[in-house]
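Keep the structure open beside you as you read.

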Amino acid sequence: MKYEPVIGLEIHIELNTKSKMFCSCSAEYFGADPNTHTCPVCLGLPGALPVANKVAIASAQKLGIALHCENLLSSKFDRKNYFYPDLAKGYQISQYQEPFSLKGYIEFDVNGETVKIDVTRAHMEEDTGKLAHAEVENKKVSLIDFNRSGVPLVEIVSEPQIHSSDVAKGYAQKLQQIARYLGISDCDMEKGSMRIEPNVSLRPAGSNDLPQYKVELKNINSFRFVQKAIEYEITRQTEILEKGETPALETRGWDEIKNKTFSQRAKEMAHDYRYFPEPDLPPYLFTKEYVAELKANMPELPDEKRARFIRDYQLSTYDCALLTTDIDLAAFFEDTVKAYPKGEPKRIANWIIGELLRRLNESQTPLSSLNLVPASLAELLLLTDEGKITTASAKEIFEKMITSGKNAQELIKEFGVEAITTDKLEEVVEMVIKQNDKVVAEYKAGKEQVFGYLIGQIQRQTQGKADPKTAADLLVKKIKK
Ligand SMILES: [Zn+2]
């Protein structure tokens, strides 16, 4: 029997607010010594009362607006009760019945097709502490760090409308792009500020019913692993169904070394959590004016920026999609166009896509980690226009610019790649013609393919510093004489 995967995604995004969700501890805990960002509230000490972070709520609401959600004018927090050592209070403050945002969608392109997936809800909650397992004096121990406890999170839940790992990846990538554009999170999967949990199950192809079971995948820290884990589950569940059995309702982890999922625990249902309204935080009523102001202050989002690039710079949809993938890259492009006296967006786009983006992808580094400024690329293009260096040398210099952060002039001097002057080039061309009189004669007799050989000789004499077009023009002119 053929099966169709039914996939829903639950994605947690850690907000980059200065303080935590319900206390004034710093939320910038990454790399800090354990338990140095704590207080009675985030340690869950008896009698400590939470106060909600206004900026975090506004960030969650902006995300809701960007995801085309219905923004509720009323909302409240609930307690999600469960016991785990990283949860000091024995419950997590979350949202159950009235999240900040409901019923939205995310639209994105996958393999050249536009896909639209509905978002069920985007609710707020607090993060938990972190457990580390270690060995101290030959004993296995578990260590707990509460620095992360109480950091604001938004959980975005999709409808189970996804039917392939490609679409799952596209959805998660678009959500990451939107959150970064909003400036509400760095969504760094390696640091754990974006965590993806796919629910995967299978149904007979052609059926519209939801499967009677669901497997939740946890702790996956890259888009590639999300795809691999989903693919693995599709194969594993198919084998179980083929035997006439039903896969267990459970939570599974991803083992990136063995390239397989493994069972972690039986899955809880919502009623196991005994949700009830958080008595220490009053419910919220937002005015229409407040929501209108949030909407008026939204930054330009990826789709809007892409449309503006197509319109303003007359570039292809494909180029504009690449240039706007990352908000920093888009700004770099616009600033270079401004810094380069001739403008020429297409030329700059080609350099950024062909040279810069390729290297960033290869090295898996963000643009912000480089010392590259738009003025340097503009200067390099100008030097190429003036014939000071050849395009081939410019590409080499650009690569060195990216790694060293030095400017074009410095690097050109350091590596001695100034293009030779036209006067000097004329001399070289004349010399090559003289030294290769037989070949020149063949060319004159109509054997055009020897032209490349002569150009090669010129490049050899100049150590590649001749502009190829100028060299070819001079050669033609001199041979005709
Ligand atoms: Zn605290």
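Helix α7 (residues 327-339) has Leu329, Ala330, Phe332, Phe333, Thr336 and Val337 as buried residues, where buried means that 20 or more other C-beta atoms, placed from the backbone, lie within 10 Å of the residue's own, and exposed means 12 or fewer, with partly exposed in between. Seen down the axis of α7, these buried residues fall within an arc of 160°, so they line one face of the helix; the arc is that of the directions from the helix axis to the C-beta atoms. They pack against α5 (302-313), α6 (317-323), α8 (345-363) and α9 (374-385), with contact taken as C-beta atoms, placed from the backbone, within 7 Å. Helices (H or I, at least four residues) and strands (E, at least two) are DSSP runs, numbered from the N terminus.

This is a predicted model, in which local features need pLDDT of at least 70, side-chain atom pairs count only at pLDDT 80 or more, and totals for chains, interfaces and linings use all residues. Residues are numbered from 1 along each chain as its sequence is written.

Helix α11 (residues 408-415) buries Ala408, Leu411 and Ile412. Seen down its axis, the buried residues of α11 fall within an arc of 100°, so they line one face of the helix. Lys413 and Glu414 are exposed on the face turned away from that buried side. Among the elements covering the buried residues of α11 are α9 and α10 (391-404).

| α7 | 160° |

Nine strands form an open sheet with mixed pairing, in the order β2-β6-β7-β10-β1-β11-β12-β13-β14. β2 (70-71) and β14 (260-266) stand at the edges with a single partner strand each, so one side of each has no neighbour in the sheet. Strands pair if DSSP finds at least two bridges between them.

Which residue in the turn of the β13 and β14 hairpin has a positive phi? That residue is Asn259, with a phi of about 60°, and four residues lie between the two strands.

Terms used:
Two residues are in contact if their C-beta atoms, placed from the backbone, lie within 7 Å.
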